[in-house]
Amino acid sequence: MSRQLPALVYYSSKSGNTHRFVTRLGLPAVRIAECLDAPLPDHSQLTDAFVLICPTYADGQGRGAVPKQVIRFLNDASRRERLVGVIGAGNRNFGATYALSGRIISEKCNVPLLYSFELAGTETDIARTRAGLEKLGDHLCSTAI
Amino acid sequence: MKDIAPTRIPRAINWNRLEDEKDLEVWNRLTVNFWLPEKVPLSNDIPSWATLTDHEKQLTIRVFTGLTLLDTIQNSVGAPALMPDAITPHEEAVLTNIAFMEAVHARSYSSIFSTLCSTKEIDEAFRWSDENPHLQAKAKAILDTYAPGNDPLKRKIASVFLESFLFYSGFYLPMYWSSRAKLTNTADLIRLIIRDEAVHGYYIGYKFQRGYEQLDEAAQQELKDYAFGLMFELYGIENQYTEELYDEIGLTEDVKVFLHYNANKALQNLGFEALFPPEVSEVNPAILAALSPDSENHDFFSGSGSSYVIGKAVATEDEDWDF
């Protein structure tokens with residue numbers, strides 16, 4: 001049986017850490033454009049269940065953790081209903097707000113926080129994420145959403 | 001030729017016309033995160049300080065003078081050296097903030113000293129930092145790169161290595177004490193410094209990437225070789241520095257893993273791949289927890305995390321995302 005992986009949607013600013021992580025994953029993924037005027041991924045690109053990978057931009061109090069474009073993206077209920085999980089990225093050096101965007105999206109959208117990683121991720125992060133997405137794909141198949 | 005400054009018309013900075021949105025984003029982040037050492041109740045650490053052995057005290061003071069030296073360099077030479085290379089006026093303004101915060105960091109170690117140590121201990125440690133060959137070697141390696149006339153992108157490489165790598169042989173110790181419930185207020189102050197340095201390394205690394213992507217392939221390769229060469233040189237010095245400081249307390253190997261982990265992160269800030277493989281970069285979980293308290297490692301995938309939590313169902317309205 002060929003494995004059906006959940007689709008991936010991600011956001012990455014020009015510093016490119018999340019983009020490099022997704023590139024190394026080697027899986028098809030849709031990028032949410034950084035520019036506030038740019039169109040968001042449309043429904044033809046989002047026909048299946050997907051996992052969102054999102055970096056964190058919080059200040060010391062945790063404000064601004066989720067990028068505005070990601071908020072806009074998730075504010076559409078028809079997109080949100082296909083979201084099956086979130087992966088947060090960040091930097092532990094930001095202490096308690098490390099990978100906060102993943103936790104916020106998980107709570108707001110009622111989906112599991114699957115994983116978190118730092119900056120562009122390590123080889124271990126890549127391997128764990130790939131294996132985890134396969135497992136999640138199997139699970140989604142068997143429960144056929 | 002850096003010393004022959006091009007004639008530029010003096011122009012007032014207009015924050016309502018941005019060439020690079022990242023400048024405003026980072027300016028906002030840095031200004032919101034502004035702090036002063038007076039806000040941390042360091043004197044609460046006096047009883048804890050008294051439980052350290054004489055050697056542990058000496059080690060801690062020495063580590064902090066080493067950190068003071070790096071902050072002093074970044075304040076008086078490093079960040080100012082990046083200013084003439086700034087592409088946008090807003091970048092220059094951000095660098096003035098970075099320079100000032102480095103002065104706050106350097107100043108805050110003296111607050112720790114005056115709270116916990118005797119004048120004699122403090123003077124001895126500063127003498128030690130003036131004379132320690134490894135500390136002086138790393139300072140020199142960085143200062144040579146900052147020298148006028150040097151390549152602006154090489155300066156950024158050195159700056160990112162200072163911000164994101166060289167501090168960490170020192171930052172390890174307060175995180176270690178904190179993981180053992182010692183000097184926890186001092187650790188709170190150090191975490192504020194770590195948070196600032198993370199933004200600095202990220203921003204300077206980002207500006208490096210903008211310059212790097214303009215270069216042809218040969219020039220990129222030359223610069224990348226330079227970056228990895230400098231990292232090797234600094235890593236060699238850091239190894240010796242670490243051994244000299246931490247051998248007696250038996251923490252050298254643990255600190256070295258922390259060095260590998262941070263070297264990889266410094267390279268990632270520049271947009272490069274990691275240098276050290278995962279098996280030598282897996283940091284002691286107690287140190288990771290001290291770095292980011294209250295944020296567990298979420299690993300639902302491997303089933304090892306305790307934090308697979310589906311949040312309360314919250315209707316997502318525009319106004320809910322109150323950022």
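Strand β1 (residues 7-11) of chain A runs parallel to β2(A), and 4 bridges join the two. Within this pairing, V9(A) stands opposite V30(A) in β2(A). The model is predicted.

The two strands belong to an open sheet of 5 strands. Its order is β2-β1-β3-β4-β5 (chain A), and the pairing is parallel. Strands of a sheet pair through backbone hydrogen bonds, in either a parallel or an antiparallel manner. At the edges stand β2 (29-32) and β5 (113-118) of chain A. Each has a single partner strand, so one side of each is left without a neighbour in the sheet. On average, neighbouring strands are turned by 20° against each other, direction ignored.

A helix packs on this sheet: α4 (residues 100-109) of chain A. Helix α4 touches β3 (50-54), β4 (83-90) and β5 of chain A. The direction of α4 makes about 160° with that of β4(A).

Now turn to chain B. Here helix α10 (residues 217-246) packs with helix α11 (residues 252-269) at an angle of about 155°. Their axes are 10 Å apart. Angles over 145 degrees count as roughly antiparallel, and so α10(B) is roughly antiparallel to α11(B). The crossing of the two helices is right-handed.

Which residues meet? From α10(B) come M231(B), Y235(B), E238(B), N239(B), T242(B), E243(B) and Y246(B). From α11(B) come T252(B), V255(B), K256(B), L259(B), A263(B) and L267(B). The residues of this contact divide into 7 nonpolar, 3 polar and 3 charged.

Key
Residues numbered from 1 in each chain as written. Chains lettered and ligands numbered in written order. Predicted model: local features only at pLDDT ≥ 70, side-chain atom pairs only at ≥ 80, totals over all residues. Axes fitted to C-alpha atoms, helices over the stretch in contact; angles between N-to-C directions. Parallel < 35°, antiparallel > 145°, perpendicular 65-115°, else oblique. Left-handed = near helix turned anticlockwise from the far one by under 90°. Contact = placed C-beta atoms within 7 Å. Nonpolar A, V, L, I, M, F, W, Y, C, P; charged D, E, K, R; others polar. Pairing = 2+ DSSP bridges.
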